[in-house]
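Hi,

Here is the structure I promised to pass along. Have a look at it first, and my notes on what turned up follow below.

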Amino acid sequence: MTSLINHLYTQYHYITEYKIDPRTKDFLFVKPLWTIGIIGIYLHFVYKSGPAFMKKKKPYELNKILSLYNIIQIILNGYIFVAGILMGWLWKFKFVCEPVDYSNDQRALQVNKKSRASNFKDKERKNK
């Protein structure tokens, strides 16, 4: 059993340290432990804390907040769509399988940055 755990840890370390795109190495959700932790917290809230907190309360009115959220999503998705078109997806890229550009070319870095534009929890955005 110890050998299996050691093997799994070695493989996890190999994949998350050596097989990763170096341009995305510092992103928050690249390593799966962050995602697993957030899913665990979410499930705990949904099945334990949330129902206990709301047990004796009336449901909240969230119509205005959800409308604002939807408007923000429309704006962000429009931005990502326009950025994709301006980066050349209508004239440079094809609509079939395209190899990934791992270079540090300006266009490749733009595609990388715009493809994660809706991720607010990115380390680079936190530091700016």
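This is a predicted model: local features need pLDDT of at least 70, side-chain atom pairs count only at pLDDT 80 or more; totals for chains, interfaces and linings use all residues.

Of its 128 residues, 15% count as buried. The chain exposes about 11,200 Å², and carbon and sulfur atoms supply 66% of that area. As for how the chain meets itself, take the contacts between residues at least 6 apart in sequence: 45% of them join residues at least 24 apart.

Now the tyrosines in helix α1. A search of the whole structure finds one aromatic pair. The partners are Tyr-14 and Tyr-18, with a tilted arrangement: 6.1 Å centre to centre and 40° between the planes. Why are Tyr-14 and Tyr-18 separated by about one helical turn? Because they sit four residues apart in helix α1, which covers residues 2-18. Tyr-14 has a relative accessible area of 38%, so it is partly exposed. Tyr-18, at 59% relative accessibility, counts as exposed.

Next, the annotated stretches. The UniProt record, an unreviewed entry, puts the feature "transmembrane region" at residues 27-47 and 68-91. In the model, residues 27-47 are 76% helix and 0% strand, and the C-alpha atoms at the two ends are 29 Å apart. There is also a nonpolar surface patch of about 650 Å², made by Ile-39, Tyr-42, Leu-43, Phe-45, Val-46 and Tyr-47. One of those residues, Tyr-47, belongs to helix α2 (residues 32-53). Tyr-47 counts as exposed because its relative accessibility is 63%.

Is Arg-23 buried or exposed? Its relative accessibility is 18%, so Arg-23 counts as buried, and you will find it in the loop between α1 and α2. Leaving aside residues up to four places away in sequence, Arg-23 touches Asp-101, Tyr-102, Ser-103, Asn-104, Ala-108, Leu-109 and Asn-112. Take Ser-103 from that list: it is 80 residues from Arg-23 along the chain, yet their C-alpha atoms are separated by 9.1 Å.

The other one is Gly-84, in helix α3 (residues 63-89). With 2% relative accessibility, Gly-84 counts as buried. Gly-84 and Gln-110 are 26 residues apart in sequence, and C-alpha to C-alpha they are 9.5 Å apart in space.

- Tyr-14 and Tyr-18, the tilted aromatic pair
- Tyr-47, one of the residues making the nonpolar surface patch
- Arg-23, in the loop between α1 and α2
- Gly-84, buried at 2% relative accessibility

Cheers

Methods. Residues are numbered from 1 along each chain as its sequence is written. Side-chain values use heavy atoms; hydrogens and water are left out. UniProt positions are given in the numbering used here, feature names are shortened, and annotations may be inferred rather than shown by experiment. Patches are made of residues with over 30% relative accessible area and no salt bridge: like charges are joined within 9 Å, nonpolar side chains (Val, Leu, Ile, Met, Phe, Trp, Tyr) within 5 Å. Accessible areas come from the Shrake-Rupley method with a 1.4 Å probe; for residues, only the protein chains shown count as cover. A salt bridge is a side-chain nitrogen of Lys or Arg within 4 Å of a carboxyl oxygen of Asp or Glu. Buried means under 20% relative accessible area, exposed over 50%, partly exposed in between (1.4 Å probe, protein chains only). Rings of Phe, Tyr and Trp (its six-membered ring) pair if their centres lie within 6.5 Å; planes under 30 degrees apart count as stacked, over 60 as edge-to-face and the rest as tilted. Contact means heavy atoms within 4.5 Å.
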